Amino acid sequence: MRILLTNDDGIEAEGLECLERIARTLSDDIWVCAPQTEQSAKGRGITLTEPLRVNRLGDKRFAVTGTPTDCVILAVNDLMPEKPDLVLSGVNRGHNVGEDVSYSGTVAGALQGMAFGIRSIALSQSLERFHDEVSAHWETAEAFAPGIISRLLEQKWAPGVVMNLNFPNRPPEAVTQVEITRQGFRDIGEMHAIRRTDLRGRDYYWMSFRGEKQEHAEGTDLRAMDEGRISVTPLHIDLTHMASVNDLKKVLGGAPPKAVAAE
């Protein structure tokens with residue numbers, strides 16, 4: 001099995017080292033194509049307004065001056081002799097749950113693999129706090145990911161689906177359950193911008209999260225992280241809200257409506 005690895009934390013990230021160890025329990029044909037620098041929260045962005053440069057760092061190992069999506073596109077189309085059998089993206093430093101998945105570069109790497117018809121999995125390790133001095137329990141992802149990935153690969157996946165794995169902020173001995181979850185949603189007030197002033201008196205902003213404790217619904221990826229379970233969420237890219245489609249078909253369709261005269 002040929003496996004392609006990517007991430008959004010960059011080619012030198014600890015999580016990528018963890019992912020390589022995980023991948024080598026599954027195969028000895030491992031390719032790495034990851035961003036040169038951190039690309040967190042870049043979502044499915046691709047680089048269109050400047051050239052991409054590829055640095056070969058070793059046999060089957062490349063760093064790209066672009067996004068995770070750029071990396072997967074270049075690896076599959078140009079850098080690898082044949083299409084991989086599996087794309088693994090991560091292991092991200094911090095979980096990717098709830099609305100995170102819509103802007104996560106980690107999930108985006110897996111989505112691009114899926115777009116090429118390759119089974120793809122995103123992996124993330126939860127943190128207590130997103131601070132530089134906080135260490136992630138990489139050993140938790142490393143302990144459980146190989147078995148979960150192997151079990152997933154034994155199953156038939158629906159077309160257009162990627163698997164999103166999140167490991168809780170606990171050591172391996174404290175993790176006893178895997179849960180198949182759905183995507184949850186946080187309170188919209190969680191995200192905000194902090195305004196500061198530079199040395200010339202001009203305002204600038206840092207995007208941030210309040211980190212306030214919230215109660216999350218049963219069965220969601222967010223609740224699984226709260227309660228120390230491994231979360232496995234099948235995701236797909238179809239954003240269509242079918243209930244609204246069916247409702248709108250009752251009032252729109254066929255010949256376009258004429259403008260309503262102003263009263």
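**L123 and the residues around it in this predicted model.** Leaving aside its neighbours within four places in sequence, L123 is in contact (heavy atoms within 4.5 Å) with L19, L88, S89, G90, V91, N92, T106, A145, I149, L165 and F167. Because the model is predicted, local features need a pLDDT of at least 70 and side-chain atom pairs count only at pLDDT 80 or more, whereas totals for chains, interfaces and linings use all residues. Residues are numbered from 1 along each chain as its sequence is written, and side-chain values use heavy atoms, with hydrogens and water left out.

**The largest nonpolar core, to which L123 belongs.** A nonpolar core is a set of buried Ala, Val, Leu, Ile, Met, Phe, Trp, Tyr and Cys residues joined through side-chain atoms within 4.5 Å, where buried means under 20% relative accessible area, exposed over 50% and partly exposed in between (1.4 Å probe, protein chains only). The largest such core has 35 residues, and those with the most contacts inside it are L5, L88, I121, L123, I149 and L165. Two or more residues come from each of β1, α1, β2, β5, β6, α4, β7 and β11, with helices (H or I, at least four residues) and strands (E, at least two) taken as DSSP runs numbered from the N terminus. Helix α4 gives the most to this core, with seven residues. A second, separate core of 13 residues includes C33, C71, V72 and V76. In soluble globular proteins, nonpolar side chains tend to be buried together.

**The open sheet of nine strands.** The strands follow one another in the order β3-β4-β2-β1-β5-β6-β7-β11-β8, and their pairing, for which DSSP must find at least two bridges between two strands, is mixed. At the edges stand β3 (54-58) and β8 (178-180), each with a single partner strand, so one side of each is left without a neighbour in the sheet. On average, neighbouring strands of this sheet are turned by 20 degrees against each other, direction ignored; the axes behind such angles are lines fitted to C-alpha atoms, for helices over the stretch in contact, and angles run from 0 to 180 degrees between N-to-C directions.

**Two antiparallel pairs within the sheet.** Strand β7 (residues 161-167) pairs with strand β11 (residues 230-236) in the antiparallel sense over six bridges, and here V162 has L235 of β11 as its bridge partner. Strands β3 and β4 also run antiparallel and are joined by four bridges, with R61 of β4 as the bridge partner of G58. Two residues lie between the strands in this hairpin of β3 and β4, where K60 takes a positive phi near 65 degrees.

**I30 in strand β2.** With a relative accessible area of 3%, I30 is buried. Apart from neighbours within four places in sequence, the contacts of I30 are I3, L5, A23, R24 and K60. By comparison, Q125 is 95 residues from I30 along the chain, and the C-alpha atoms of the two are separated by 21 Å.

**Helix α2 and its residue T69.** Helix α2 (residues 68-79) lies across β1 (2-6), β2 (29-35), β3 and β4 (61-64), and runs at about 135 degrees to β2. The residues of α2 that are buried are P68, T69, D70, C71, V72, L74, A75 and V76, and they pack against β1, β2, β3, β4 and α3. T69 counts as buried because its relative accessibility is 1%, and, not counting residues up to four places away in sequence, T69 touches G43, R44, G45, I46, A108 and Q112.

**Helices α1 and α3 and what covers them.** In helix α1 (residues 14-23), seven of the ten residues are buried, namely G15, L16, C18, L19, E20, I22 and A23, and what covers them includes β1, β2, β4, β5 (86-93), β6 (119-125) and α4 (138-153). Helix α3 (residues 105-115) has ten of its eleven residues buried, so it is largely enclosed by the rest of the structure. The buried residues of α3 pack against β1, α2, β5, β6, β7 and β11.

**R119 and the ring of W157.** The charged end of R119 sits over the ring of W157, 5.1 Å from its centre; this description requires NZ of Lys or CZ of Arg within 6 Å of the ring centre and within 35 degrees of the ring normal.
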